[in-house]
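Subject: Structure handover and notes

Hello,

Here is the structure for your work. My notes on it come after the model.

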Amino acid sequence: MKILKNAVYRLIYWIIKLLYPPIKLVGLENLPEEPCVIVGNHAQMNGPIAGQLYFPGKRYIWCAHEMMFMKEVPAYAYRDFWSRKPKVLQPLYKLLSYIIAPLSVCVFNCADTIAVYRDKRVILTLRETVEKLRDGANVIIFPEHDAPHNHVLCDFQDGFVSVAKSYYSQTGKALAFVPMYLAPKLREMVLGEPVYFDPEAPGKEERRRITGKLMDAITEIAVSLPRHKMVPYLNISKKDYPYNIPEEVTTHEKTSC
C-alpha cells in the first residue's frame, strides 16, 4: 500500500510541476548558514506548492494535520478553501471536499511535511520540527489565519515561535526566522533578512516581536516589487485580489509628477 501511495504521489508531483509555472527564489544570501525557519505568505495553495517544488535543499513544510487524515479532510477543506463561494455553488464544493480527501491524504503524507496540531498534540509538531532543524533541514511555515492585518497579509498566529525556545534549549543556538514573500504573478519568492530569537526575552513579548517584524518585512518586500496582483490568504473571487501597491497610491504619484 505504501509503494502505491508513493507512486501516486510521484505522479501527482510531476503533473503539478509540469503545469505549475517555475518560481524563481530571490535573496538566497539572506539564508543563514544554520538551519532556519522560513515564514511566508500563504497565497492559498501557492505557498505550499512553491515551497515543495522550488525551495532548494532539505526542507519540510508545516501542514494542517486535518489535511492528512481521511475523516478530517472534507470539513477542513470546505471550511478553509470554499466556504466563501456563492451559496448556489456550495453543494458542489462540499462534494468536492469529499472527492479530494484520498488525494489529500496521499499527497500530504508523502510530501516533505510536518503535521501541525492545535491541541495537546502540538508537542508532536514542536518535537518533529526541532528534529528536522537539528538534522540540518530548513522548515517552511505559512502562519496566516482568518483575521485582517493589512492589504498584503492576514494576521499571523504566533505559536510557531515556540519552536525557537525548544531549539535553543536543545542546541544553545538562537533560531533564525527568515521572511519570505511569494508573488505567483511575478513568479518569484523573495527572502528578506532574518529575525533572530532572543532567549532572554519574555515568551509572549518575543512572540509578538518576531511575528510583528516578520509581517512588516514581508509587507515591505511586497510593496517594493513592481505592481502586481497578489494572491491573498482568503479564497475570494480573483477579481477582488488586491494589488501590492493600491491604485490610490499610483494615482497620487502620477498627480504629484
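Conventions

The model is predicted, and local features need pLDDT of at least 70, side-chain atom pairs count only at pLDDT 80 or more, and totals for chains, interfaces and linings use all residues. Residues are numbered from 1 along each chain as its sequence is written, and side-chain values use heavy atoms, with hydrogens and water left out.

Helices (H or I, at least four residues) and strands (E, at least two) are DSSP runs, numbered from the N terminus. Buried means under 20% relative accessible area, exposed means over 50%, and partly exposed lies in between (1.4 Å probe, protein chains only). Accessible areas come from the Shrake-Rupley method with a 1.4 Å probe, and for residues only the protein chains shown count as cover. Contact means heavy atoms within 4.5 Å.

Salt bridges

The whole structure holds seven salt bridges, each defined as a side-chain nitrogen of Lys or Arg within 4 Å of a carboxyl oxygen of Asp or Glu.

Arg59 and Asp112 form a salt bridge in which the closest N and O atoms are 2.7 Å apart. Arg59 belongs to strand 3 (residues 59-64) and Asp112 to the loop between helix 5 (101-110) and strand 4 (113-116), so the bridge ties together parts that are 53 residues apart in sequence. Arg59 is buried at 9% relative accessible area, whereas Asp112 is partly exposed at 26%.

Glu34 and Lys173 are joined by a salt bridge with an N to O distance of 3.4 Å. This pair links distant parts of the chain, 139 residues apart: Glu34 is in the loop between strand 1 (24-26) and strand 2 (37-40), and Lys173 in the loop between helix 7 (162-171) and strand 8 (176-183). Glu34 is partly exposed, with 41% relative accessibility, and Lys173 is partly exposed, with 37%.

Asp158 and Arg207 make a salt bridge at 3.8 Å, N to O. Asp158 sits in the loop between strand 7 (154-156) and helix 7, and Arg207 sits in helix 8 (residues 203-224), 49 residues apart. Relative accessible area is 30% for Asp158, which is partly exposed, and 23% for Arg207, which is partly exposed.

Nonpolar cores

A nonpolar core is a set of buried Ala, Val, Leu, Ile, Met, Phe, Trp, Tyr and Cys residues joined through side-chain atoms within 4.5 Å. The largest core has 43 residues, of which Ile38, Phe55, Met67, Met180 and Met189 touch the most other members. Two or more residues of this core come from each of helix 1, helix 2 (46-54), strand 3, helix 3 (73-82), helix 5, strand 8 and strand 9 (188-191). Helix 3 gives the largest share, six residues.

Setting aside neighbours within four places in sequence, Phe55 is in contact with Leu25, Leu31, Ile38, Ala50, Asn138, Ile140, Met180, Met189 and Leu191.

Helix 3

Helix 3 is mostly covered, with seven of its 10 residues buried. The buried residues are Val73, Pro74, Tyr76, Ala77, Tyr78, Phe81 and Trp82. Their cover includes strand 3, helix 4 (90-99) and helix 5.

Two single residues

His228 is in the loop between helix 8 and helix 9 (247-256) and is buried at 4% relative accessibility. The side chain of His228 reaches the backbone oxygen of Pro226 at 2.7 Å. Not counting residues up to four places away in sequence, His228 touches Tyr181, Ala183, Lys185, Leu186, Ala222, Pro242, Tyr243 and Asn244.

Ala115, in strand 4, is buried with a relative accessible area of 13%. Leaving out neighbours within four places in sequence, Ala115 is in contact with Cys63, His65, Met68, Thr125 and Glu128. The C-alpha atoms of Ala115 and Ile210 are separated by 22 Å, and these residues are 95 apart along the chain.

Surface patch

Leu11, Ile15, Leu18 and Leu19 form a nonpolar surface patch with about 470 Å² of accessible area together. Patches of this kind are made of residues with over 30% relative accessible area and no salt bridge, with nonpolar side chains (Val, Leu, Ile, Met, Phe, Trp, Tyr) joined within 5 Å. Leu18 lies in helix 1 (residues 2-19) and is exposed at 73% relative accessibility.

Regards

How values were computed. Patches are made of residues with over 30% relative accessible area and no salt bridge: like charges are joined within 9 Å, nonpolar side chains (Val, Leu, Ile, Met, Phe, Trp, Tyr) within 5 Å. A polar contact is a pair of N or O atoms within 3.5 Å; within protein, one must be able to donate a hydrogen and the other to accept it, and residues adjacent in sequence count only if both atoms are side-chain atoms.
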